Amino acid sequence: MPILLLLLAMMAPALAQRAETLTLPAEARTGTDQRPARFTFLCTANAGPQVTGVLAVDLAVTRHATLRPVFDFDAYEGPDANAGRRTRLDITAAGATARMQTMVSGSISGGPDEAFTFSIAAARRRDAARLAELQRLLTPLAQGAAQLEWTQGNTRPGGPAITARLSVSAADAARLRAVLEPCLGR
């Protein structure tokens with residue numbers, strides 16, 4: 001085993017202990033198709049000068065291959081994907097709305113549900129503007145009952161968007177607060 005792989009294998013448990021995540025089930029609609037989806041919220045700590053933490057939210061759309069005839073997932077695949085600012089997140093909580101329009105990257109996850117995962121992330125260092133924008137958007141979700149709607153634009157001309165909705169209960173908000181609080185700048 002190459003030394004780098006051996007070192008990464010030894011470090012993985014320690015790095016995983018620093019990551020806080022929460023996954024909540026949701027529903028996604030693409031045209032007339034409706035299917036299960038899930039949102040995962042992530043907060044990792046800065047760990048010394050060499051490891052920068054991250055605040056992130058992911059949308060996983062299950063059985064993505066069945067949507068390929070109408071939605072272009074390839075435009076979003078990989079860390080350097082540049083499909084443009086076709087992603088909009090809307091949060092409604094306590095009568096107020098927060099909105100974010102951004103770019104995302106994505107990846108295909110293995111596993112039984114063959115999901116495609118869209119990711120929005122901000123580094124906790126050296127990315128102050130993006131971090132502040134994501135903090136502003138996610139903070140209401142951790143304060144009480146709220147609605148999150150993720151609209152993923154399609155790069156295919158005339159193709160339908162993917163719209164995923166998540167209803168956050170008061171109990172979910174408390175769990176989100178426990179996970180995200182270190183990243184929310186409070």
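**Note on the predicted structure**

1. Both Cys-43 and Cys-183 are buried. The model under discussion is a predicted one. In it, a disulfide joins Cys-43 to Cys-183, with an S to S distance of 2.0 Å. The structure holds 1 disulfide. For orientation, a disulfide is a covalent bond between the sulfur atoms of two cysteines.

2. The position of this bond in the chain deserves attention. Cys-43 lies in strand 2, while Cys-183 lies in the segment after helix 3, so the pair ties together parts that are 140 residues apart in sequence. The disulfide is right-handed, because the torsion about the S-S bond of Cys-43 and Cys-183 is about 90°.

3. The overall composition is as follows. The protein chain has 3 helices and 9 strands. Read from the N terminus on, its elements run α-β-β-β-β-β-β-β-α-β-β-α. Of the 186 residues of the protein chain, 40% count as buried. Among contacts between residues at least 6 apart in sequence, 64% join residues at least 24 apart.

4. An open sheet of 9 strands has the order 5-4-8-9-1-2-3-7-6, and its pairing is antiparallel. Strand 5 (96-102) and strand 6 (105-108) stand at the edges, each with a single partner strand, so one side of each is left without a neighbour in the sheet. On average, neighbouring strands of this sheet are turned by 20° against each other, direction ignored.

5. Two pairings within the sheet may be examined individually. Strand 4 and strand 5 run antiparallel and are joined by 7 bridges; here Arg-88 stands opposite Gln-101 in strand 5. The hairpin of strand 4 and strand 5 has 2 residues between the strands, and Ala-94 takes a positive phi near 50° in this hairpin. Strand 1 and strand 9 also pair in the antiparallel sense, over 4 bridges. Arg-29 stands opposite Thr-163 in strand 9.

6. Which residues of helix 3 (residues 170-180) are buried? They are Asp-172, Ala-173, Leu-176, Val-179 and Leu-180. Seen down the axis of helix 3, these residues fall within an arc of 125°, so they line one face of the helix. The face of helix 3 turned away from its buried side carries the exposed residues Ala-170, Ala-171 and Ala-178.

7. Helix 3 lies across strand 1, strand 2, strand 3 and strand 9, and runs at about 130° to strand 1. What covers the buried residues of helix 3 includes strand 1 (20-30), strand 2 (33-43), strand 3 (54-61), strand 9 (162-168) and helix 2 (128-138).

8. What does helix 2 lie across? Helix 2 lies across strand 2, strand 3, strand 4 (87-93), strand 5 and strand 7 (116-123), running at about 145° to strand 5.

9. Is Asn-154 buried or exposed? Asn-154 has a relative accessible area of 9%, and buried means under 20%, so Asn-154 is buried.

10. The side chain of Asn-154 has polar partners in the backbone. The backbone oxygen of Val-70 lies 2.7 Å from a polar atom of the side chain of Asn-154. The side chain of Asn-154 also reaches the backbone oxygen of Pro-160 at 3.0 Å. Not counting residues up to four places away in sequence, Asn-154 touches Val-70, Phe-71, Asp-72, Tyr-76, Arg-86, Gly-159 and Pro-160.

Definitions and conventions: Residues numbered from 1 in each chain as written. Predicted model: local features only at pLDDT ≥ 70, side-chain atom pairs only at ≥ 80, totals over all residues. Heavy atoms only, no water. Buried < 20%, exposed > 50% of the residue type's maximum accessible area, 1.4 Å probe, protein only. Arc of directions from axis to C-beta. Contact = heavy atoms within 4.5 Å. Disulfide = S-S within 2.5 Å. Pairing = 2+ DSSP bridges. Axes fitted to C-alpha atoms, helices over the stretch in contact; angles between N-to-C directions. Polar contact = N/O pair within 3.5 Å; in protein donor to acceptor, adjacent residues only side chain to side chain.
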